[in-house]
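Subject: A structure for you to look at

Hello,

I am passing a structure on to you, and I hope you enjoy looking through it. Please open it first, and then read my notes alongside.

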Amino acid sequence: MKNTIYAIVIVVCFVGAGAIAYKYIFTSGSGGGIDDIPEGNMIWVKCNNPACKAEYQTGEKAYHKYILEHANPMAPSAPPLICKECGEPSVYRAEKCGNPDCGIVFIQGSSGPGYHADRCPKCGYSKTEESRKRRKAEMEAAREAGR
Ligand SMILES: [Zn+2]
Ligand SMILES: [Zn+2]
């Protein structure tokens, strides 16, 4: 009987920790909690409905609030938003390509597994990769300067 109670306690602790970690993942993406996101911050979203393909900007804060409220703890990915054009739940967080020669809007992770989520499926530009490269170059420059 005691063992059963222990098992329940362990399961409750585990589920609680999972929920906290889950919330943390969704709220920490932009650094800090939802309340830290400035009211005017906008992000790109794109409709995955082939008949619609709407691309528009939405408030980052409202987006995260929606995700937190509609997230399914059993599903590993963020739930889709309701499209303001076609009304289908098929809108996902998107990125605008940072390459000035390209500039398309694409759903995060379009380049598939193994690539940064913000890698452009058309030209291959990735903000994350670029900033990492820049940071590495800066670190190397600092090391050179320190000699
Ligand atoms: Zn749509
Ligand atoms: Zn691009």
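Below is what I found, going from the overall layout to single residues.

First, the ground rules. This is a predicted model, in which local features need pLDDT of at least 70 and side-chain atom pairs count only at pLDDT 80 or more, while totals for chains, interfaces and linings use all residues. Residues are numbered from 1 along each chain as its sequence is written, chains are lettered from A and ligands numbered from 1 in the order in which they are written, and side-chain values use heavy atoms, with hydrogens and water left out.

**Layout.** The chain has three helices and four strands (DSSP runs, numbered from the N terminus: H or I of at least four residues for helices, E of at least two for strands). Starting at the N terminus, their order is α-β-β-α-β-β-α. Of the 147 residues, 25% are buried (under 20% relative accessible area; exposed is over 50%, and partly exposed lies in between, with a 1.4 Å probe and protein chains only). Among contacts (heavy atoms within 4.5 Å) with a separation of 6 or more, 41% join residues 24 or more positions apart.

**The core.** The largest nonpolar core has 10 residues, including Ile-43, Val-45, Tyr-63, Leu-81 and Val-91. Such a core is a set of buried Ala, Val, Leu, Ile, Met, Phe, Trp, Tyr and Cys residues joined through side-chain atoms within 4.5 Å. Both β1 (42–47) and α2 (60–70) supply at least two residues of this core, and β1 gives the largest share, three residues. In soluble globular proteins, nonpolar side chains tend to be buried together. Val-91 is in contact with Val-45, Cys-47, Tyr-56 and Leu-81, among others, leaving aside neighbours within four places in sequence.

Which residues of α2 are buried? They are Glu-60, Lys-61, Tyr-63, His-64 and Ile-67.

**Salt bridges.** There are four salt bridges in the structure (a side-chain nitrogen of Lys or Arg within 4 Å of a carboxyl oxygen of Asp or Glu). Here are three of them:

- Lys-61 pairs with Glu-39, with the closest N and O atoms 3.3 Å apart. Lys-61 is in α2 and Glu-39 in the loop between α1 (2–28) and β1, so the bridge ties together parts that are 22 residues apart in sequence. Lys-61 is buried at 13%, whereas Glu-39 is exposed at 62%.
- Lys-127 meets Glu-95 at 3.6 Å, N to O. This pair links α3 with β3 (residues 91–96), 32 residues apart. Lys-127 is partly exposed at 42%, and Glu-95 is buried at 13%.
- Lys-133 joins Glu-130 at 3.5 Å between the closest N and O atoms. Both lie in α3, three residues apart, about one turn of the helix.

**A residue to look up.** Asp-118 sits in the loop between β4 (105–107) and α3 (127–146). Asp-118 is buried but has no salt bridge, and the nearest side chain of opposite charge, Lys-127, is 6.1 Å away (Lys and Arg count as positive, Asp and Glu as negative; His and the chain ends are not counted). What does its side chain make a polar contact with? The partner is the side chain of Ser-126, at 2.7 Å (a polar contact is a pair of N or O atoms within 3.5 Å; within protein, one must be able to donate a hydrogen and the other to accept it, and residues adjacent in sequence count only if both atoms are side-chain atoms).

Best wishes
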